Amino acid sequence: MTATLSPVSGAPRAPETGRPAPRKRKALQRVTRGVPLIPAVGLLAVFLLGPVISSFYGSFTNSTLSGVGASSAEFVGFQNYLDLFASPDFPKSVLITLVFLVASAILGQNVLGLGLAVLMQSSNKFVRSTVSTIVVTAWVLPEIVAAFAAYAFFSDAGTLNTMLAAIGITGPNWLYTLPLLSVILANTWRGTAFSMLVYRAALNDVPPEITEAAEVDGARGWQRFTLITLPMIRRSISTNLMLTTLQTLSVFALIFVMTNGGPGTDSTTLPLLAYQEAFRFGQLGFGTAIATMLLLVGALFSVAYIRALKPEVD
């Protein structure tokens, strides 16, 4: 193959090989690599994106479980959202949801899980096995089983008050006088194992020579933990915070079994409020609007965690 002269400048042209340009070849490779993902994307669109779009549209209708709204729901615009923000139950439910989320997920599960992971890292094999078995048992239980176990523990004549009575203390009716605290402790108990396992894996990936070098330089245990260990597992912390936050926002059976949102609305989180409005009072459109607000709350937390991860990913 010989080079030919350019008709304009007389300079030799590059030989034509018939191959696509490098930029087009890279684009073709990207498209080819994405072909196997098409079935998975289709399934996600049908089973995840589809219900989300349907739910979002339903929040703008007067759909009900019975009556005219059940057979021929009408589009009512933002009326459900206007009624929602005018309801006295909604701001209280949002506050309860945020308290439940921060106390049981962001502080409870993450702090306790990280503490257990640190303690187990420096303990012997017997202690590690015993603690892991006890903590993980609560996590592997089905949510409904864990809910009944927590109800039996916190009820008026339950395990907790029985143990307190054995040492001469009369315990309160936890589920009636302190319902939110009861469900916070129950959710922390059930979800701590996941955080503990995540942080144990993260701590095992910290190079020991770095902490040993800091120890030689005179850094104490707390200084090594805060200045070296925590920054090195920062990505695991952000990821675990996002996962536990989303899981806690969707907790329903645990609270439903323990308190049913009561007494009154003192432990009614957004998932319970959406359920009550949609299925107890039959207002599907209004209940779906609450579910949409819950979805937005989860999205805001996810964006915050992703932004916290972005500098390290880049």
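Colleague: How do the residues lining the largest cavity divide into nonpolar, polar and charged?

Modeller: There are 2 nonpolar, 3 polar and 2 charged residues. The lining consists of Asp89, Lys92, Ser93, Ile96, Thr265, Thr268 and Leu273. Ala, Val, Leu, Ile, Met, Phe, Trp, Tyr, Cys and Pro count as nonpolar, Asp, Glu, Lys and Arg as charged, and the others, Gly among them, as polar. Ile96 and Leu273 are therefore nonpolar, while Asp89 and Lys92 are charged. This is a predicted model, in which local features need pLDDT of at least 70 and side-chain atom pairs pLDDT 80 or more, whereas totals for chains, interfaces and linings use all residues. Residues are numbered from 1 along each chain as its sequence is written, and side-chain values use heavy atoms, without hydrogens and water.

Colleague: What makes a space a cavity and not a pocket?

Modeller: On a 1 Å grid over the protein atoms alone, a cavity is a set of points where a 1.4 Å probe fits but cannot get out; a pocket is an open set with protein on both sides within 12 Å along at least five of seven lines, and lining residues have an atom within 4 Å of a point. The search of the whole structure finds 1 cavity of 30 Å³ or more, and the largest cavity holds about 30 Å³. Helix H5 gives the largest share of its lining, 4 residues.

Colleague: How large is the largest pocket, and which residues lie nearest its centre?

Modeller: Its volume, the space filled by probe spheres set on grid points joined across faces, edges and corners, is about 380 Å³. Of its 14 lining residues, Val52, Ala291, Thr292, Leu294 and Leu295 lie nearest the centre. Helices H2, H13 and H16 each give two or more residues to this lining, with the largest share, 7 residues, coming from H16. The lining has 10 nonpolar residues, 4 polar and no charged. The second largest pocket, of about 320 Å³, has 4 nonpolar, 5 polar and 3 charged lining residues.

Colleague: How do you know that lysine 92 and aspartate 266 form a salt bridge?

Modeller: The term requires a side-chain nitrogen of Lys or Arg within 4 Å of a carboxyl oxygen of Asp or Glu. Their N to O distance is 3.0 Å, so the pair qualifies. It links distant parts of the chain, 174 residues apart: lysine 92 is in H5, and aspartate 266 is in the loop between H14 and H15. By this rule the count comes to 1 salt bridge.

Colleague: Why is phenylalanine 47 called exposed, and what is lysine 92 called?

Modeller: Buried means under 20% relative accessible area, exposed over 50%, and partly exposed in between (1.4 Å probe, protein chains only). Phenylalanine 47 stands at 58% and therefore counts as exposed. Lysine 92, at 33%, is partly exposed, and aspartate 266, at 38%, is also partly exposed. Phenylalanine 47 lies in helix H2.
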